[in-house]
Amino acid sequence: LLRQQGQFLTALATVDELLEQAPAKESAIMLKAQLLHQLGKKQEATKFLGTVLDGLADSKRLRLQYARFLAEDDLLGAYQQLNTLIAQYPHDAELAYTLALVCRGLNKNEEARELYTQLSKNPNMASAAHYELGQLAEEENNGDAVLLHYRAVRNGPKFLPAVVKLGRFMADNGQLSSAQLYMGQ
């Protein structure tokens, strides 16, 4: 409640009191890290979570938050944390997608492509994965792959951007009538 009312320092003091009584309380740890971050103490929040993870190494939630904090300034650190999570949770598609995004940020495009290709087989992640594969293909000027992947985006928040990108790609590559037909459909 204190946090919702914008009383971050009071909320932080209250969470610290709770953590004195229950130092392994995951929700309190998460709240403290978020409060520190909101107070502009990003490094302190990141260091706090890193220290806590020494004792709670199996906490998916805390490690993911730690990776998110690291991603702001240390993509390689985020990459390492996400790989740790993927080793623990190999079937978590959201983690794989997040790792693939970090791979793109680190120019590990082949690793990203492998992850997106795996994710394209998951019905819940297929459209987002095909969109990302389409972007990779576009950067590599692989026209056939651009067409294949952007057309495979069938729904979700990436659908409209994929349609626009595909239409633009076709028009830019001398397929204006095909682009108009596609956009019309």
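**Helices and a surface patch**

Colleague: Where does Leu160 sit?

Modeller: In this predicted model, Leu160 belongs to helix α10.

Colleague: Is Leu160 buried or exposed?

Modeller: Leu160 counts as exposed, because its relative accessibility is 58% and the cut-off for exposed is over 50%.

Colleague: Which residues form the nonpolar patch on the surface?

Modeller: Phe159, Leu160, Val164 and Met183 form it, and together they have about 360 Å² of accessible area.

Colleague: And which helix gives the most to that patch?

Modeller: Helix α10, residues 159–172, gives the most, with three residues.

Colleague: Stepping back, how many helices and strands does the protein have?

Modeller: There are eleven helices and zero strands. Along the sequence the pattern reads α-α-α-α-α-α-α-α-α-α-α.

Colleague: Is the protein a compact globule or more spread out?

Modeller: It is more spread out than a compact globule, because its radius of gyration is 21 Å, well over the 16 Å that the globule rule gives for 185 residues. The C-alpha trace spans about 70 × 35 × 25 Å along its principal axes.

Colleague: What share of the residues is buried?

Modeller: Buried residues are 42% of the 185. As for the surface, the protein exposes about 10,600 Å², with 51% of that supplied by carbon and sulfur atoms.

Colleague: And of the contacts between residues at least 6 apart in sequence, what share joins residues at least 24 apart?

Modeller: That share is 38%.

Colleague: Switching to α2. What span should it have, and what does it have?

Modeller: Helix α2 covers residues 26–38, and at 1.5 Å a residue its 13 residues should span 18 Å. Its end C-alpha atoms are 18 Å apart, so the two values agree.

Colleague: Which α2 residues are buried?

Modeller: Ala28, Ile29, Met30, Lys32, Ala33, Leu35 and Leu36 are buried there.

Colleague: Why might positions three or four places apart in a helix point the same way?

Modeller: An α-helix has 3.6 residues a turn, so residues at that spacing point the same way.

Colleague: What do the buried residues of α2 pack against?

Modeller: They pack against α1 (8–21), α3 (42–55) and α4 (60–73).

Colleague: Last one, where is Pro123?

Modeller: Pro123 lies in the loop between α7 (109–119) and α8 (126–139). Pro123 counts as exposed because its relative accessibility is 75%.

Colleague: How far is Pro123 from Leu133 in space?

Modeller: They are 15 Å apart, C-alpha to C-alpha, and ten residues apart in sequence.

Note on methods:
Residues are numbered from 1 along each chain as its sequence is written. This is a predicted model: local features need pLDDT of at least 70, side-chain atom pairs count only at pLDDT 80 or more; totals for chains, interfaces and linings use all residues. Side-chain values use heavy atoms; hydrogens and water are left out. Patches are made of residues with over 30% relative accessible area and no salt bridge: like charges are joined within 9 Å, nonpolar side chains (Val, Leu, Ile, Met, Phe, Trp, Tyr) within 5 Å. Accessible areas come from the Shrake-Rupley method with a 1.4 Å probe; for residues, only the protein chains shown count as cover. A salt bridge is a side-chain nitrogen of Lys or Arg within 4 Å of a carboxyl oxygen of Asp or Glu. Helices (H or I, at least four residues) and strands (E, at least two) are DSSP runs, numbered from the N terminus. Buried means under 20% relative accessible area, exposed over 50%, partly exposed in between (1.4 Å probe, protein chains only). The radius of gyration is taken over C-alpha atoms; the globule rule is 2.2 Å times the number of residues to the power 0.38. Contact means heavy atoms within 4.5 Å. The expected span of a helix is 1.5 Å times one less than its number of residues.
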